[in-house]
Amino acid sequence: MSRKTQTAPRVLRVAVYTRVSSEEQVKEHYSLDTQREACLAKLDSVIGPNLYEPHFFTDEGLPGSYGLYDPTNPRRKYRPGLTQMRDAFRKGDLDAICVYRMSRLWRKAASGDFLLQEFCPHGLTRVISCTENVDIDTASGRFMLNVTAAMGAYEAEQLGEWVSDALQKRTREGYTIGDLYGWRRQTDAEMTGRRRGIMPVEEEARTIRGMAEEFLAGGTLRGIAEDLNTRGTPRPRRAREWSTSTVRSVLSNPVHAGLVRAKSTEGVPELIRGQHFDHRILEPEMHHQIIARLERNADQHTRTTGTPQHLLSGILRCGHCGYRMNGRTVRRLGERMYRCSTGSQRSNPDCIRNSERADMVEAVILDELRRLAGDERVRAQAADRIGKTLARQEAGLAEQVSQLEQRLRKVDEDYLYWSREFREGRCQENEFALHVAEHRRQREEASALLEQRRSELKQQDSRQAVLARAQGLVSDFARCWDGLDLHQRREFVHSVLEYATMAHLEDGSTEVRFRLRGFEECVRIIRRRSVRGRASSGLESLTPRQQAFLYHYGQGLDRNAIAKKTGVTRSTADLQLRNARKKLGAETLDEAWELACEYIEGNLHWLPPTGRKRKHKPPKEGPLLTDAQVALLSLLAQGMTVADAARALDMKGSTPYVHLKNSRDRLGCASNEEAVRKAKDLGLVW
């Protein structure tokens with residue numbers, strides 16, 4: 001009777017996954033070692049000792065919201081341990097997963113789908129949890145897995161809501177949160193209540209008081225920042241140096257005035273009294289004055305810039321996106337240009353092409369002014385329309401002044417009401433102090449607006465005088481214009497011009513729309529001028545280099561061969577061929593060559609010579625090549641690549657490529673191979 005042979009039980013390859021989100025979990029005895037010991041004990045009881053092979057994967061300090069690595073989005077945060085475990089399953093090295101809780105693996109309601117999609121197709125046969133019963137083989141088990149995951153997601157979201165509510169409650173109680181410049185946390189001996197408050201740092205507090213006094217005395221944010229950097233004043237810990245934004249953030253912080261910015265029960269932001277009120281650095285009135293001046297600066301755009309060199313700066317807008325056109329000077333051409341840079345950042349092709357010479361755009365408007373200068377009837381109609389417009393503006397300003405005066409009266413009535421409530425004992429001192437601070441803020445804001453509107457109302461006469469002067473300049477434009485400087489010309493143009501837009505058309509021309517105050521809208525078309533006597537499209541628009549690249553393409557050479565024959569890089573060859581195809585209006589290069597072959601073959605003597613060499617740039621003093629350049633060319637002569645040579649010489653980044661470029665320039669070569677050969681001939685490289 002034959003004896004049956006018993007086979008050894010198969011060892012189960014188990015992935016033991018552990019994760020903690022923060023150090024607080026370590027304090028609560030929920031550390032990685034605790035999870036690992038619990039998982040090993042669970043495996044001993046369920047599978048048996050020596051019947052499994054553990055493979056440990058760990059993610060420390062990473063939340064459960066992080067997932068697997070996504071190659072399509074490399075910037076997205078992920079869990080390296082979880083990703084390594086997934087890759088091990090894909091290689092076939094694992095069979096099962098063991099976790100302390102399912103929330104350690106995935107804190108989402110779709111944990112079951114996550115396992116079925118990412119791990120089950122690659123050999124996952126069993127999931128073991130130390131605190132839960134998980135079964136992925138049956139429908140009921142997968143259902144319970146999803147229910148458990150949904151409960152974990154609910155707990156995580158509820159915990160987030162509790163933390164957010166606790167922070168909001170603490171802020172409403174007057175406790176500030178965060179690391180603030182000018183303040184430090186109280187020590188155990190200084191604590192007077194259950195929570196730890198903040199105390200001012202005397203040296204930093206003096207700096208803040210000096211900044212506030214200088215700013216309210218008329219100083220600028222940039223001037224204050226430069227003064228602080230010059231004196232070497234200690235800066236906030238997160239700032240590299242004192243800058244305009246750093247000074248603004250420090251001055252606008254309400255904590256210095258004993259206030260805390262919190263949300264009310266209705267969700268509206270408000271300033272409330274803080275628990276550090278007795279240790280305030282600035283007075284609340286000073287804080288409100290600082291905020292009022294910062295808001296006025298933002299409204300009035302008081303940022304100082306250089307003197308504009310363009311007549312239409314600030315008033316000319318793009319006809320495609322509506323943003324302001326930027327006036328810039330192209331130094332290599334010596335021309336002033338208007339271009340839409342804001343729209344081009346949004347990848348709008350129309351805005352990218354929307355540029356024109358400034359003198360041509362300005363000439364269109366000036367020609368219209370010269371035309372209107374000889375028509376007295378049109379000028380009289382414009383003056384009448386301008387008078388009506390000013391009358392409407394004056395009526396609107398008067399109405400705004402009336403509304404602001406009524407608002408001031410209401411603010412004063414509220415202050416009298418709360419004063420009476422405080423005197424009669426129906427209002428606490430803290431509440432009354434908050435109402436007083438709010439009253440001062442609202443009164444200062446309303447007073448500033450009222451003063452601004454009243455000054456604008458008084459300026460109506462001066463505006464009328466400016467427009468009358470503009471009408472006088474229009475009537476005698478030819479004689480007055482030449483005697484004005486740039487600043488006076490800009491003032492004149494901005495006085496008589498209501499709006500102006502510039503748009504690029506499909507045929508290459510530019511459309512300029514503008515309206516002079518009191519006149520009808522004008523539309524002018526600027527035809528695209530030829531560049532250096534060459535048309536913008538067609539056969540005559542091709543440069544000699546573009547003709548040469550197109551000719552070599554027609555001879556059957558590929559782009560690498562064309563680049564090598566003409567002595568340029570592959571990207572330059574592609575750019576020249578693409579520009580030639582666009583100028584000819586062809587969809588393919590073959591079609592472009594068919595259109596231009598007879599024209600180019602008839603002008604072969606105009607094509608530039610092939611094999612263009614770089615100019616020889618000998619050094620001003622010293623040897624022809626430096627030691628680093630000689631060492632790099634020597635390694636290339638031995639057959640090494642640029643990357644291997646840079647690694648051997650311990651060169652980082654673009655350093656080897658800069659050395660090679662300088663070597664080619666000094667030797668007058670167009671490629672690295674030619675530079676190596678010439679260096680050998682000169683005896684620099686063996």
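Let's start with Ala88: at 11% relative accessibility, this residue counts as buried, because the cut-off for buried is under 20% relative accessible area. Keep in mind that this is a predicted model.

**Around Ala88**
- Ala88 sits in helix α3, which covers residues 80–91.
- Ala15 is 73 residues away from Ala88 in sequence, yet the two are 9.1 Å apart in space, C-alpha to C-alpha.

**The largest nonpolar core**
- In soluble globular proteins, nonpolar side chains tend to be buried together.
- Here, the largest nonpolar core holds 28 residues.
- Leu312, Leu316, Tyr338, Val361, Leu497 and Phe514 have the most contacts inside this core.
- Two or more residues each come from β9 (316–318), α13 (358–373), α18 (486–496), β13 (497–504), β14 (510–516) and β15 (521–526).
- Helix α13 gives the largest share, with 8 residues.

- Phe143, Met144, Val147, Met151 and Tyr154 make a nonpolar surface patch of about 510 Å².
- One of them, Val147, belongs to helix α6 (residues 139–172).
- Val147 has a relative accessible area of 34%, so this residue is partly exposed.

**A negative patch on the surface**
- Glu587, Asp590, Glu591 and Glu594 come together on the surface as a patch of negative charge.
- You'll find Glu587 in the loop between α21 (570–584) and α22 (589–601).
- Glu587 counts as exposed because its relative accessibility is 70%, and the cut-off for exposed is over 50%.

Definitions and conventions
Residues are numbered from 1 along each chain as its sequence is written. This is a predicted model: local features need pLDDT of at least 70, side-chain atom pairs count only at pLDDT 80 or more; totals for chains, interfaces and linings use all residues. Side-chain values use heavy atoms; hydrogens and water are left out. Patches are made of residues with over 30% relative accessible area and no salt bridge: like charges are joined within 9 Å, nonpolar side chains (Val, Leu, Ile, Met, Phe, Trp, Tyr) within 5 Å. Accessible areas come from the Shrake-Rupley method with a 1.4 Å probe; for residues, only the protein chains shown count as cover. A salt bridge is a side-chain nitrogen of Lys or Arg within 4 Å of a carboxyl oxygen of Asp or Glu. Lys and Arg count as positive and Asp and Glu as negative; His and the chain ends are not counted. The place of a charge is taken as NZ of Lys, CZ of Arg, CG of Asp or CD of Glu. Helices (H or I, at least four residues) and strands (E, at least two) are DSSP runs, numbered from the N terminus. Buried means under 20% relative accessible area, exposed over 50%, partly exposed in between (1.4 Å probe, protein chains only). A nonpolar core is a set of buried Ala, Val, Leu, Ile, Met, Phe, Trp, Tyr and Cys residues joined through side-chain atoms within 4.5 Å.
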